Amino acid sequence: MIIDVTDADFPVAVLERSRSVPVVVDFWAAWCGPCRQLGPVLESAAADREGQVVLAKLDVDANPVAARRHGVQGIPAVKAFRDGAVVAEFVGAKPPAAVARFLDGLVPSAADALVAAGDEASLRRALELEPARADAAVPLARMIRARGEADEALRLVEHLPGSFAAEGLAARIRLEREHDDALSSAFVALDAGEPARGLDLLINALAASNGSREDLRRVVVGVLDELGVEHPVAREYRRKLAAALY
């Protein structure tokens with residue numbers, strides 16, 4: 001979809017609309033040569049992605065308020081909005097391949113849609129398309145582990161560096177093989193929605209651990225990451241983990 005927008009309708013036509021679909025705004029002017037070069041390229045690329053992105057064209061001469069409010073200092077300026085905020089931008093005329101890459105970065109990939117579906121077949125297909133996707137590997141590994149296929153679950157997540165969730169799940173699978181009663185109680189508490197009790201048991205186990213110390217740390221970090229930075233339990237137990245480690 002390609003639309004013309006003005007200062008008056010920018011809040012609704014761009015900002016509100018961007019909460020349901022990415023909106024790319026082309027800030028241009030009739031006197032601007034590079035704008036005339038870029039415009040058809042943007043329009044063609046947007047038409048190829050019909051239903052996935054909206055292209056909004058705004059004449060900065062006739063509508064200076066929106067341009068000024070969004071920091072446009074040179075044209076052509078292209079800004080992509082999602083959820084009411086700028087998420088990507090560039091200035092100047094770009095070749096078709098660069099514009100295509102810019103728009104493709106805004107729309108969900110095939111793997112994104114499969115991860116959002118969340119069923120086992122979809123997650124497996126997402127990993128075929130993008131093998132390093134932790135957001136597909138972790139939920140798939142959890143499904144597989146829950147039905148007793150721990151070896152395959154471990155294979156999915158043990159080589160995904162950079163993902164606390166993957167490292168934590170891999171560490172948990174390895175620790176479960178030790179059949180330690182204290183750790184079993186910790187995992188039962190976590191699965192029952194009692195993160196504070198489970199974390200207490202895991203952090204207490206750090207003091208007596210030898211070879212499993214690093215895996216215990218990974219499990220705790222994974223739980224804290226899943227809770228989120230602002231969760232009160234996560235804030236409290238980050239401090240407790242640091243004290244136990246150092």
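Biologist: Which side chain meets Glu176 in a salt bridge?

Modeller: That is Arg145, at 2.8 Å from N to O. A salt bridge here is a side-chain nitrogen of Lys or Arg within 4 Å of a carboxyl oxygen of Asp or Glu. This is a predicted model, where local features need pLDDT of at least 70, side-chain atom pairs count only at pLDDT 80 or more, and totals for chains, interfaces and linings use all residues. Residues are numbered from 1 along each chain as its sequence is written, and side-chain values use heavy atoms, leaving out hydrogens and water.

Biologist: Where do Glu176 and Arg145 lie?

Modeller: Glu176 is in helix H9 (residues 164-176) and Arg145 in helix H7 (residues 134-146), so the pair ties together parts 31 residues apart in sequence. Helices are DSSP runs of H or I, at least four residues, numbered from the N terminus.

Biologist: And what partners Asp151 in a salt bridge?

Modeller: Arg177, at 2.5 Å from N to O. Asp151 sits in helix H8 (residues 150-157) and Arg177 in the loop between H9 and helix H10 (181-191), 26 residues apart.

Biologist: Is Asp151 buried or exposed?

Modeller: Exposed, at 57% relative accessibility, while Arg177 is partly exposed at 42%. Buried means under 20% relative accessible area, exposed over 50%, and partly exposed in between (1.4 Å probe, protein chains only).

Biologist: Switching topic, how many salt bridges are there?

Modeller: The count comes to 26. One of them joins Arg218 and Glu214 at 3.9 Å, N to O.

Key
Helix = DSSP H or I, 4+ residues; strand = E, 2+ residues; numbered from the N terminus.
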